[in-house]
Amino acid sequence: MNHATHEITPPAVHWHRRHLLDLERLSAEEVTTLLDVADWLRVKTDGCRTKLSALAGRTSANLFFENSTRTRTSFSLAARRLGADTVEFSASVSSLSKGESFVDTARNIEAMNVDVVVVRHQTPGTPHLLAEQLECAVLNAGDGAHEHPTQGLLDILTIRQRRPSLQGLTVALVGDIAHSRTARSNIWGLKKLGAHVIVCGPSTLVSRRWEEVGVEVAHNLDEILPRCDVLNLLRIQFERQYTRPFPSVREYALLYAMNRRRMERAKDDILIMAPGPINRGVEITTDVADGPHSVILDQVTNGLAVRMAALWLVSHGENATRELLCQVC
Ligand code: CP
């Protein structure tokens, strides 16, 4: 499916924020604006291939205190596709080792006339702290197990490109819900747009408390599978756990891996998603990950469009309008 070339109407822009810190506190209109602007910029850059000058003269800095392949690369590319300069900060070779604090580090980077800071950190709430301490815009690229808003948005955009509406769609998030910032951002974003969300996995990784916010909780993938329109398969985040939440990886795979046998019981048009990195043979088998229902690499491509939209919106804040968007494209 080629989504890159069709013409679309310039979207309405409902945006008055300086930062993008989470999806929980956004309105449905703001989530829709992020998705619509992403679609608009994707089309205007020929599928995120060509450059615009929408953020010419501005600078975006990537402050990553945790490893990343997709998020870091796509934030850099997204900024450059919009004509901005980029700064790549690496904690391991920085003056943090000489005792400089996290906030002082960020304030010194900002002092080099940086307009947007993109931050990933293992501690939940770190982007919110920076938003209080800095003058520039702050984008959350993943804070501990709290949220990963642009991942939630790119997942939802990938579904929205293939289904007429999110309203009433059944989306299951399968795996390590307890430690997944991707799960949280998906839950808030999907629910705002009217989807029915199921969280499914071992009881040690899936809390019944999600029922309190209208999310269905399940522990048996085979029972829920026939009514799912979308499966988003999440990695077990061993790095955030002190003890194993199940007896063995083999046992987890038997109960929760999406494999050929389970695909036979799924809807004919089911979408198979994963935020990456994937662990082949654990949450997903190779034939499913690379099979015809998988949209995993399309999610990655959509990450560019979503991050262009996020950078453009926070750069303009309350001045972001449809007219300005049309002028720069
Ligand atoms: N999905 C995701 O956040 O991937 P990275 O950790 O590689 O950025």
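Asp-46 is partly exposed, with a relative accessible area of 35%. (Buried means under 20% relative accessible area, exposed over 50% and partly exposed in between, for a 1.4 Å probe and protein chains only.) The model is predicted, so local features need pLDDT of at least 70 and side-chain atom pairs count only at pLDDT 80 or more, while totals for chains, interfaces and linings use all residues. Residues are numbered from 1 along each chain as its sequence is written, and side-chain values use heavy atoms, leaving out hydrogens and water.

Most residues other than glycine have a negative phi, and most peptide bonds are trans. Asp-46 sits in the loop between H1 and strand E1 (59–64). (Helices, H or I of at least four residues, and strands, E of at least two, are DSSP runs numbered from the N terminus.) Asn-113 is not a glycine either, and its phi is positive at about 60 degrees. The loop between helix H3 (102–110) and strand E3 (116–121) holds Asn-113. At 63% relative accessibility, Asn-113 counts as exposed. The peptide bond from Gly-276 to Pro-277 is cis, with omega near -5 degrees. Pro-277 belongs to the loop between strand E9 (271–273) and helix H10 (286–289).

Two helix pairs were examined. Helix H1 (residues 28–44) packs on helix H11 (residues 296–316) at about 115 degrees, with the axes 8 Å apart. (Axes are lines fitted to C-alpha atoms, for helices over the stretch in contact; angles between N-to-C directions run from 0 to 180 degrees.) H1 and H11 are therefore roughly perpendicular. (Under 35 degrees counts as roughly parallel, over 145 as roughly antiparallel, 65 to 115 as roughly perpendicular and the rest as oblique.) The crossing of H1 and H11 is right-handed, meaning that the near helix is turned clockwise from the far one by less than a right angle. On the H1 side, the contact residues include Thr-33, Leu-34, Val-37 and Arg-42. H11 contributes residues including Asn-302, Met-308, Trp-312 and Leu-313. (Contact means heavy atoms within 4.5 Å.) By class, this contact of H1 with H11 has 11 nonpolar, 2 polar and 1 charged residues.

The axes of helix H5 (residues 149–160) and helix H6 (residues 181–192) come within 8 Å and cross at roughly 55 degrees. That angle makes H5 oblique to H6. H5 passes H6 in a right-handed crossing. Among the H5 residues in contact are Pro-149, Asp-155 and Ile-159, and among those of H6 are Thr-182, Asn-186 and Leu-190.

The whole structure contains 17 salt bridges. (A salt bridge is a side-chain nitrogen of Lys or Arg within 4 Å of a carboxyl oxygen of Asp or Glu.) Glu-66 and Arg-181 form one, at 2.9 Å from N to O. Glu-66 lies in the loop between E1 and helix H2 (70–81) and Arg-181 in helix H6, so the pair ties together parts 115 residues apart in sequence. Both Glu-66 and Arg-181 are buried.

Arg-72 pairs with Glu-88 in a salt bridge, the closest N and O atoms being 3.0 Å apart. Here Arg-72 of helix H2 is tied to Glu-88 of strand E2 (residues 85–90), 16 residues apart in sequence. Arg-72 is buried at 18% relative accessible area, whereas Glu-88 is partly exposed at 39%.

A salt bridge also joins Arg-262 and Asp-222, at 2.8 Å from N to O. It links helix H9 (residues 260–263), which holds Arg-262, to helix H7 (residues 221–224), which holds Asp-222, 40 residues apart. Arg-262 is buried at 2% relative accessibility, whereas Asp-222 is partly exposed at 24%. Salt bridges that share partners join Asp-36, Asp-39, Arg-42 and Arg-160 into one network.

Note on methods: Ala, Val, Leu, Ile, Met, Phe, Trp, Tyr, Cys and Pro count as nonpolar, Asp, Glu, Lys and Arg as charged, and the others, Gly among them, as polar.
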